[in-house]
Amino acid sequence: MNKIYFFIGSQDLYGDETLKQAEKNGRAIAEFLNDKLCDKCAVEAMPIVRNSKEAEAVSVKAVSDPACIGVIMWMHTFSPAKMWIKALQLLNKPMLHLHTQFNEKLPYDEIDMDFMNLNQSAHGDREFGFMCTRLGIKREVVAGYYKNDDVVAQIRRFAEVAGAVDFSKSLKVAMFGNNMRDVSVTDGDRVESEIKYGWNVNYYGIGDLYEIISKVSENEIDRKMYEYTNKYDMDTDNIAAVREQAKYEVAFEKFISEKDISAFTDTFEDLHGLNQLPGLAVQNMMAKGVGFGPEGDYKTSALSAVLFEMAKGRGGATGFTEDYTYDLTQNEELELAAHMLEVSPVFSSGKPKIQVHPLGIGGKSDPARLVFDGISGEGIAVSMVDMGNRFRLICAEITLVEQPKVMPKLPVARLMWKLKPDFKTGAAAWIYAGGAHHAVVSTALTTEDIRLFAKMTNTELVVIDEKTDLNALEQQLELLDIIAEKR
Ligand code: MN
């Protein structure tokens, strides 16, 4: 199980009694949080830290424990922060600085200097905060009484996002075929992606997959068909086309499990040996949390796997989709998102239908796919682009809506949403920011989750929400360019 280490900072000045009590209080907070987060991770208190050697020791322990996904810092008593320099320089795990007290209320009648010396995080946390700022350490500062629901919720978010960052660090992505020819925004620096996010992205010839496809047995296809008919409505007589997709999925699953891969891409430009573009096969895998990006979009593929991991246990839907077309009726503008085939059935408002239709692109046989109408509710669309000298995340808040009319001739799954703060601003902002035509949409995550992920991974973030003003956004983008050039 993932672990978060709880650090209690102090010093030698106050004597054994105070130190014992400070450690005891720290352990009590750690135990309380451990109880609250037990479904996500363990919270483990470290021995109280009195000097730089002890600070270094707990830091080394956190860094070298692969189960440790992050640390919580609490300066219960005053802890002169020069003693934290080495420890902080070593620490490479996400940090939450918990600015809290063991006591909720001041004991007005009883308060004396002993109480002051024991309960002085207002003092000690400022000293520690300065050092983190001086060292340029990105961290999440959470202030408030530790038992308050909002404080616990912020710590839970930290645990979820830190867990996703940890997952990201060992994520392997397979590209079947390369990036779609001449397409820009889906391309990127794979070496930098691995340095920054840990994504190990490798190309595989479609022949490697075809080799496995050609050996899938009728029994294996039968089992996959059983899974499909349990989950979805069979809305086609062309069972052979559906079985073809079942065969692909069995092969994909074998390939990725053998190589410990959690996300993949394919491209309709490179399907040698396959009769159909993988549609239903990919859709069914996306619903299980396997990352996917079409046309060689490895960034969206990896990001979808990471965000799916972040959203685990929250409910809601998270997956890839593509900006496709609009209803531009003035003041009622809606966006329709879909793809050639590959939209995750987690977004379905009902039971998805398996249908077989021709594909107007790629020159292959008619592929089986899941067709459905999308869910409604508040959500975010997240895109990652490579700016040449850094990556940028763009997070737009959206409202998913029911489609206003049926679309009986549209042969793909679709989602519809409204942009914020309004269509003109939201769409222009996305385009100014360089956001892709591929995004990960989530009704489980919020902008706050993406903000925290960006902070933990030191990634530039552009948010488009109710407050977005185009002039301010353009200025922000210019400043971001200047900052990036200076670095
Ligand atoms: Mn696309």
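Domain bounds here come from an automatic or database domain assignment. On that basis the chain splits into domain 1 (3-168) and domain 2 (172-486), and their C-alpha centres sit 38 Å apart. Before going further, a word on the ground rules: this is a predicted model, with local features needing pLDDT of at least 70, side-chain atom pairs counted only at pLDDT 80 or more, and totals for chains, interfaces and linings using all residues. Residues are numbered from 1 along each chain as its sequence is written, and side-chain values use heavy atoms, with hydrogens and water left out.

Let's start where the two domains meet. The contact (heavy atoms within 4.5 Å) takes 14 residues from domain 1 and 19 residues from domain 2. The size of an interface is often given as the accessible area lost when the parts come together. Here that buried area (the accessible area, with a 1.4 Å probe, that two parts lose on being put together, summed over both) is about 1500 Å², and carbon and sulfur atoms give 63% of it. On the domain 1 side, Arg157, Phe167 and Ser168 lose the most area to domain 2, together 37% of what that side buries.

Zooming out, a search of the whole structure turns up 32 salt bridges. One of them pairs Lys3 with Glu44, with the closest N and O atoms at 3.8 Å. Lys3 belongs to strand E1 (residues 3-8) and Glu44 to strand E2 (residues 42-45), so this pair ties together parts that are 41 residues apart in sequence. Helices (H or I, at least four residues) and strands (E, at least two) are DSSP runs, numbered from the N terminus. Glu44 counts as partly exposed because its relative accessibility is 28%; the scale runs from buried (under 20% relative accessible area) through partly exposed to exposed (over 50%), with a 1.4 Å probe and protein chains only.

Glu227 forms a salt bridge with Lys288, the closest N and O atoms being 3.0 Å apart. Glu227 lies in helix H9 (residues 218-231), while Lys288 is in the loop between helix H11 (280-286) and strand E10 (291-294), so the pair ties together parts that are 61 residues apart in sequence. Lys288 also forms a salt bridge with Glu253, again with a closest N and O distance of 3.0 Å. That pair links distant parts of the chain as well, since Glu253 is in helix H10 (residues 239-258), 35 residues apart from Lys288.

Now for a residue in the interior. Ile398 is in strand E16 (residues 391-401) and counts as buried, at 1% relative accessibility. Leaving aside residues up to four places away in sequence, Ile398 touches a set of residues including Ile380, Trp417, Leu419, Lys420 and Val441.

One of those neighbours leads to the backbone. Most residues other than glycine have a negative phi, and most peptide bonds are trans. Lys420 and Pro421, however, are joined by a cis peptide bond, with omega at about -5°. Pro421 is in the loop between strand E17 (415-419) and helix H13 (423-432). Then there is phi: Asp260, not a glycine, has a positive value of about 60°. Asp260 is in the loop between H10 and strand E9 (263-266) and is exposed at 55% relative accessibility. Asn458, also not a glycine, has a positive phi of about 50°. Asn458 is in the loop between helix H14 (447-456) and strand E19 (460-464), and counts as partly exposed at 43% relative accessibility.

Conventions:
A salt bridge is a side-chain nitrogen of Lys or Arg within 4 Å of a carboxyl oxygen of Asp or Glu.
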